[in-house]
Amino acid sequence: MKWRALVVALLATGLGGCVLGPDYQRPDTPVPAAWKQAPAATASLPDAWWNLFGDDELDRHVTATLAANQDLAGALARFDQSRALLGVARADEFPDVSFAPAYSRGRTSGTVANRFPYLETTVWQAPVEVAYEVDLWGRVRRSVEAAGADVQGSADAIAAVRLSLAASTVSTYLSLRSSDREIDILSRTVGLREDELSLAERRARAGVVGDLDVLRARAELSQTRADLADARRRRDNLEHALAVLEARNAADFTVAPVAWTPHVPEVPAGLPSSLLERRPDVASDERALAAASARIGVAKAAFFPSVSLTAAGGLASGRLGDFTNSDSQIWSIGPIVHLPIFEGGRNRSRLEAAEAAYRGAEAKWRQTGITAFREVQDALADTTWLRERGVALDATVDASTAAAKLSRSRYDRGLAGYFEVVDSERQALGSQRAVIENDQQRLLAAVSLIKALGGGWKEGDPVPRQPEGSTAASP
């Protein structure tokens, strides 16, 4: 009865014992009241945000990336690992029960002073052993708390990988289609330059113009062909990058050129105060900070005594035939107390390491948040000023195209030299390529803004922590 009372008392103490270490609260951090540039007023962004670009083929490529990319598969595996480790931590909340049957046969030495020399013994044992650590100081509870935060952080890390992969796929595809536009205009310009060279050669043979016009026409044709080759090289590289994102072999992967018109969507930025909640990388760092806080409690618990309850019961007999006899019963019960007296500073060093890890995690979380605000502001600035630049470039194209037509007309009538034609057509081509480049930059700025905002979101929604594709059970 005394042992039973002791066990009950210790269990009650363990269940109601204190929990060492700080109770986690997310640190305060400065948040801007508003963005510098006024974004769209819409308070949400669809989860499949790439649909905003209005390209069905783009949707298929993003779907393929999210289904097959190996970086995402690795993140899912790390999430499963963190859930399994949470199960390991939770196991310490329960007693360990084991069955340890044993057989032994022995003989005492005849050359040693024994009361029973030459004694041979045989023992059959079948004990059940139970051990339970009384969580007096919250070591187990803090360990479970840390492991649970790790699981949430791993889920947020998956969301960050998914967002990064989707953004990379969209950016690569849009850049590839912009290259298609550039290749198209350069191909048509090569045809125009070939016609101009033929015309210059005919007029030179007729004595209407000199060889200088032929050389200039030939140089312009060669330069345009060089620009076309470079554009095709860049397109091939983008196609190969898209293949890797989709876990495909670049040698077997092709994206056919198509006539394509860019569509730059309006991207709502929401409130700055909610950015830290919906950015998965920020959320992942915040969960790492929570885990580091809990591990300070684990380190502090090592300074205090630990109590384990042990019990064993079963059967033991010298003969197998007497094994089930009531006299063969054995049992033992009692607590084990571990009191740290001297450990060479090990526990102090572990606590200092845990506190330093917390400070490092806090610094990383704060820096990620600061970077997040900066990335949103950069993308908003790019969106604003690239839109204005596009308006100016459209006017440049209109003017330079009209100037090129006028120069060609003046040249045909003998009122201008070929140098004027070359210069005006070069300006027209340059302005057209500048428009294509600016459109590409506007598209990429929209992708950057969406990525900086954390992907699809609704005002007030938490970051999802239940990733698809995981094989582990829910925590």
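**Figure 1. Salt bridge between arginine 233 and aspartate 230 in the predicted model.** The side chains of arginine 233 and aspartate 230 form a salt bridge with an N to O distance of 2.8 Å; a salt bridge is a side-chain nitrogen of Lys or Arg within 4 Å of a carboxyl oxygen of Asp or Glu. This is a predicted model, in which local features need pLDDT of at least 70 and side-chain atom pairs count only at pLDDT 80 or more, whereas totals for chains, interfaces and linings use all residues. Residues are numbered from 1 along each chain as its sequence is written, and side-chain values use heavy atoms, with hydrogens and water left out. Arginine 233 and aspartate 230 are three residues apart in helix α5, and so are separated by about one helical turn. Helices (H or I, at least four residues) and strands (E, at least two) are DSSP runs, numbered from the N terminus. Arginine 233 is partly exposed at 42% relative accessibility, as is aspartate 230 at 31%; buried means under 20% relative accessible area, exposed over 50%, and partly exposed in between (1.4 Å probe, protein chains only).

Figure 2. In helix α4, arginine 142 and glutamate 145 are three residues apart, about one helical turn, and their side chains meet in a salt bridge (2.8 Å, N to O). Arginine 142 is buried, with a relative accessible area of 2%, whereas glutamate 145 is partly exposed at 31%. In helix α8, aspartate 378 and arginine 374 lie four residues apart, about one turn of the helix, and are joined by a salt bridge of 2.5 Å, N to O. Aspartate 378 is partly exposed, with a relative accessible area of 33%, while arginine 374 is exposed at 54%. Salt bridges that share partners also connect Glu182, Asp227, Asp230, Arg233, Arg234 and Arg433 into one network. The structure contains 29 salt bridges.

**Figure 3. The largest nonpolar core.** This core has 68 residues, of which Trp49, Phe53, Val170, Leu174, Val376 and Leu453 touch the most other members; a nonpolar core is a set of buried Ala, Val, Leu, Ile, Met, Phe, Trp, Tyr and Cys residues joined through side-chain atoms within 4.5 Å. Helices that each supply at least two residues of the core include α2 (56-68), α4 (139-205), α8 (346-412) and α9 (418-453). Helix α4 gives the most, with 17 residues. A second, separate core of 19 residues includes Val190, Val209, Ala217 and Leu228.

Figure 4. Phenylalanine 53 lies in the loop between β1 (44-45) and α2 and is buried, with a relative accessible area of 5%. Leaving aside neighbours within four places in sequence, phenylalanine 53 is in contact (heavy atoms within 4.5 Å) with residues including Leu58, Val170, Leu174, His263 and Pro265. Phenylalanine 53 and leucine 174 are 121 residues apart in sequence and 9.3 Å apart in space, C-alpha to C-alpha. Not counting residues up to four places away in sequence, valine 170 touches Trp49, Trp50, Phe53, Leu58, Val62 and Val447.
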